[in-house]
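Reader: I'd like to go through this one with you. Can you take my questions as they come?

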Amino acid sequence: MTVEYSRIMTISIPFLRHTAILMGGTALAQALALLAAPVLTRLYQPADFGVFAAVTAAAAILSIISTLRYELAIVLPKSEAEAADLTLIAMGTAVAFAVAAFVLPWLLPSSVERLLGPLAPLWWSVPVLALLMASTQILNCVANRHRAYRAIASGLLLQQGGTAGFSILIAAFAMMQNGLVVGRLAGQFGAVAGLAILLRYAFAARGALNWRQIREAASRYRQFPIFNVPYSLFGTVSKEFLVLAFTATGHLSAAGFYGLARTVLTVPISFLSSSLSQVFYKEAATSIGTPAFESLMLGLLRGIACGMAPLFVFAWFWSPLAFALIFGENWREAGQYASILMPMAFLALFTSWPERIFEVRSKQQYALGIQATFDIASLLTVILLLNNGYSEIAVARAYVAIQIAYHVSYLFAVFVLSGLGARRYLGFLLLLASAVAVSLAIQLPIQRYGPPDYVGMLFGALAAIAVAAPCAIYSFRSRARS
């Protein structure tokens with residue numbers, strides 16, 4: 001017992017310390033984004049947010065392809081020289097893809113204009129933003145290898161603070177159009193520059209380039225471009241497809257409403273994912289399969305389920321009213337989208353950070369199969385419904401229904417590969433359903449029979465917090481005792 005306890009503490013204490021660093025930086029970064037959002041929604045129109053969301057979506061897709069996902073392998077080699085080779089490969093391919101995408105409109109102007117529609121005048125920003133996003137991904141993986149979690153947290157702060165600050169200044173002084181896009185470019189550049197400065201020690205000279213060793217590294221980790229690129233591409237396209245579809249069909253306001261709703265809901269997901277995924281990946285690479293790792297993972301899942309279910313159910317009920325209060329009355333429809341997206345966002349809390357288990361187990365093909373199956377179903381459903389004249393709200397509901405099935409299936413694979421097994425998976429689903437049921441039983445009477453409007457929403461928030469806090473604390477403590 002003493003030996004096993006020592007092993008658990010050896011994993012848990014550094015894990016919690018590193019996670020706390022990332023959580024602090026992520027919390028500050030997300031707080032900046034949330035504080036700026038009510039200002040931005042009063043300076044920009046929903047259509048502006050729609051264009052911004054579409055540009056960001058296109059850049060995110062391109063950034064996934066451009067690195068060939070070699071950056072994910074940087075944390076794995078024991079040799080620093082091999083890790084440096086992987087960094088060079090990822091950076092070189094990112095630059096090549098960005099240059100190719102930048103010159104494409106000049107080579108095929110009419111085809112690109114027909115394909116992009118409203119985005120055609122802003123296409124120049126897509127490859128530039130994609131290169132900056134890819135550079136951030138690469139530098140974050142280098143930082144993770146060296147456990148430089150303060151650098152990752154600082155990069156998040158620079159990105160969110162720069163994006164919000166520049167966007168507000170551009171609109172306030174009417175400097176130029178598309179201030180949201182330019183602000184994001186400035187914020188992303190600040191993150192890249194800050195990370196590069198903070199990580200300069202990790203780029204010490206390693207002698208002349210050895211192209212044979214670089215080719216060998218590319219071949220040794222070829223499963224990343226083979227499996228991780230299509231897996232990540234499917235996931236990103238599926239995530240961004242609604243924005244791109246609404247934009248392509250001329251529904252810029254709907255794209256803006258959906259984009260704002262998704263941005264707000266992404267805050268808790270990004271908070272957990274940014275805080276846990278980097279540290280979790282490193283711990284999984286060194287200790288997966290041990291009882292200590294299984295205990296750590298199950299404790300995290302249960303604590304998140306108990307602590308977040310009351311808050312998400314509260315947001316499910318009150319999002320339209322909350323969006324109208326915080327962002328302005330003309331953004332109430334964005335709150336409707338937020339309510340629709342809430343179940344999917346809640347389940348994403350459990351699948352966003354343990355996904356690197358597939359890489360550690362070298363089972364990326366499983367993740368790819370699950371992702372491809374549900375994403376193809378989502379894309380076909382969205383196209384079919386839009387072509388048949390269904391409303392944007394109906395399309396969003398159908399999309400969320402398919403994504404719920406995806407998250408449930410994906411989580412099962414995570415349980416199996418991590419060693420927790422099917423029985424513990426079913427037990428966790430029962431815990432999750434119980435937490436949601438209790439939260440529904442609290443919120444439903446408050447909304448139906450409680451005080452109206454904002455007073456009722458305040459009572460609902462207080463009730464959710466009162467249930468969430470002790471549940472999360474009890475879950476973490478009981479798991480630690482066991």
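Reader: Is serine 434 buried, partly exposed or exposed?
Author: Serine 434 is partly exposed, because its relative accessible area is 36%. Buried means under 20% relative accessible area, exposed over 50%, and partly exposed in between, with a 1.4 Å probe and protein chains only. This is a predicted model, where local features need pLDDT of at least 70 and side-chain atom pairs count only at pLDDT 80 or more, while totals for chains, interfaces and linings use all residues. Residues are numbered from 1 along each chain as its sequence is written, and side-chain values use heavy atoms, with hydrogens and water left out.

Reader: Which helix holds serine 434, and what does its side chain reach?
Author: Serine 434 is in helix H16, residues 421–449. Helices are DSSP runs (H or I, at least four residues), numbered from the N terminus. The side chain of serine 434 reaches the backbone oxygen of leucine 430 at 2.8 Å.

Reader: How far is serine 434 from alanine 305, C-alpha to C-alpha?
Author: Those C-alpha atoms are separated by 9.7 Å, with the two residues 129 apart along the chain. Alanine 305 also turns up in the list of residues in contact with phenylalanine 350.

Reader: What else is on that list for phenylalanine 350?
Author: Leaving aside neighbours within four places in sequence, phenylalanine 350 is also in contact with Leu301, Ile304, Leu411, Phe428 and Leu432. Contact means heavy atoms within 4.5 Å.

Reader: How many residues are in the largest nonpolar core?
Author: The largest nonpolar core has 126 residues, and Tyr337 and Phe350 have the most contacts inside it. Such a core is a set of buried Ala, Val, Leu, Ile, Met, Phe, Trp, Tyr and Cys residues joined through side-chain atoms within 4.5 Å. Apart from it lies another core of ten residues, including Val313, Ala322, Ile446 and Ala463.

Reader: Switching to the surface. Which residues make the nonpolar patch?
Author: Val95, Val99, Phe102, Val103, Leu104, Trp106, Leu107, Trp124 and Val128 make a patch of about 830 Å². Patch residues have over 30% relative accessible area and no salt bridge, with nonpolar side chains (Val, Leu, Ile, Met, Phe, Trp, Tyr) joined within 5 Å and like charges within 9 Å. Areas come from the Shrake-Rupley method with a 1.4 Å probe, and for residues only the protein chains shown count as cover.

Reader: Which helix gives the largest share of the patch?
Author: Helix H3, residues 80–107, with seven residues. Tryptophan 106 is in helix H3, and it counts as exposed because its relative accessibility is 60%.

Reader: How many salt bridges are there?
Author: A search of the whole structure finds seven. A salt bridge is a side-chain nitrogen of Lys or Arg within 4 Å of a carboxyl oxygen of Asp or Glu. One of them joins arginine 262 and glutamate 240 at 2.8 Å, N to O. That pair links distant parts of the chain, with arginine 262 in helix H10 (residues 252–287) and glutamate 240 in helix H9 (residues 223–248), 22 residues apart.

Reader: Why does glutamate 240 count as buried?
Author: Because its relative accessibility is 5%. Arginine 262 is buried as well, with a relative accessible area of 14%.

Reader: And where are arginine 212 and glutamate 216?
Author: Both lie in helix H8 (residues 211–220), four residues apart, about one turn of the helix. Arginine 212 forms a salt bridge with glutamate 216, the closest N and O atoms being 2.7 Å apart.

Technical notes: Helix = DSSP H or I, 4+ residues; strand = E, 2+ residues; numbered from the N terminus. Polar contact = N/O pair within 3.5 Å; in protein donor to acceptor, adjacent residues only side chain to side chain.
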